[in-house]
Amino acid sequence: MKPDQSLRTDDCTELVNEYASMVYKLAFAQTRNRQDADDIFQEVFLRYVRKRPAFESKEHEKAWFIRVTINCCKNLWGSAFRRRTQSLTCDLLSETGQPEQILEEYLIRLPRNYLAVIHLHYYEGLPVAEIGKIVKKSDAAVRMCLVRARKMIKEWMEGDGVHV
């Protein structure tokens, strides 16, 4: 490794501090459990250390972390082990019945492609155009995912007698 290619600990610490919350929340939203989110969190930052990508801007850097997080989640769900197991998170949330978890209970029912778009839009505050670039969909497709996801949640809530 050339001296100018070395990655300083300070740089890594700054980067982790800046993107840790976003990466973890997105991983948790996709995997729906802490252990998998922890694994993905570690994998994302490990990939950064290994590849040391050069970014054109802060937006490019943020998009890279989001894209890698989503890809790691897809890899996890594509594994043979994952296809044969089921998460207990949904059951645990239902049993607790805490008011602050009501929306989360409905969010975890969404298909993964809708969940990613909802998370990026509402929790990360990204505009439709940027989400489209990240998830590799047109702006119209992203807007449609948002509309369909909101409609699903509303119907589920109304079906359960929850005021919307």
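Select K136 to begin: with a relative accessibility of 65%, K136 counts as exposed (exposed means over 50% relative accessible area, buried under 20%, and partly exposed in between, with a 1.4 Å probe and protein chains only). K136 lies in the loop between α8 and α9. Its phi is near 60°, a positive value in a residue other than glycine. Most residues other than glycine have a negative phi.

This is a predicted model, in which local features need a pLDDT of at least 70 and side-chain atom pairs count only at pLDDT 80 or more, while totals for chains, interfaces and linings use all residues. Residues are numbered from 1 along each chain as its sequence is written, and side-chain values use heavy atoms, with hydrogens and water left out.

**The helices on either side of the loop**

Next, select helix α8 (residues 128-135) and helix α9 (residues 139-159) together. At what angle do α8 and α9 pack? The angle is about 100°, and the axes are 8 Å apart; axes are lines fitted to C-alpha atoms, for helices over the stretch in contact, and angles run from 0 to 180 degrees between N-to-C directions. The two helices α8 and α9 are therefore roughly perpendicular to each other (65 to 115 degrees counts as roughly perpendicular, under 35 as roughly parallel, over 145 as roughly antiparallel, and the rest as oblique).

To view the contact, display V128, A129, I131, G132 and V135 in α8, which meet D139, V142, R143 and L146 in α9; contact means heavy atoms within 4.5 Å. The residues of this contact of α8 with α9 comprise six nonpolar, one polar and two charged. Here Ala, Val, Leu, Ile, Met, Phe, Trp, Tyr, Cys and Pro count as nonpolar, Asp, Glu, Lys and Arg as charged, and the others, Gly among them, as polar.

The contact of α7 with α9 divides into nine nonpolar residues, one polar and two charged.

Now centre the view on M152, in helix α9. M152 has a relative accessible area of 25% and is partly exposed. Which residues does M152 contact, leaving aside neighbours within four places in sequence? They are L110, P111 and Y114. The C-alpha atoms of M152 and L107 are separated by 9.5 Å, although these residues are 45 apart along the chain.

**Helix α6**

Move to E105, in helix α6 (residues 102-107). Is E105 buried or exposed? With a relative accessibility of 18%, E105 counts as buried. Its C-alpha atom is 9.7 Å from that of I153, a residue 48 positions away along the chain.

Select R52, which sits in the loop between α2 and α3 (58-78). Its phi is near 45°, a positive value in a residue other than glycine. R52 is partly exposed, at a relative accessible area of 30%.

**The whole chain**

Of its 164 residues, 35% count as buried. Among the contacts with a separation of 6 or more, 65% are between residues 24 or more positions apart.

Colour the chain by pLDDT, the predictor's confidence in each residue, from 0 to 100. The average is 79, and 77% of the residues score at least 70. Confidence is highest in helix α2 (residues 34-51), at a mean of 91, and lowest in helix α5 (residues 89-96), at 38. Over residues 80-100 pLDDT stays under 50, and the model has 17 contacts beyond four places in sequence for them. Where pLDDT is low, the predicted coordinates should not be read in detail.

Conventions. Helices (H or I, at least four residues) and strands (E, at least two) are DSSP runs, numbered from the N terminus.
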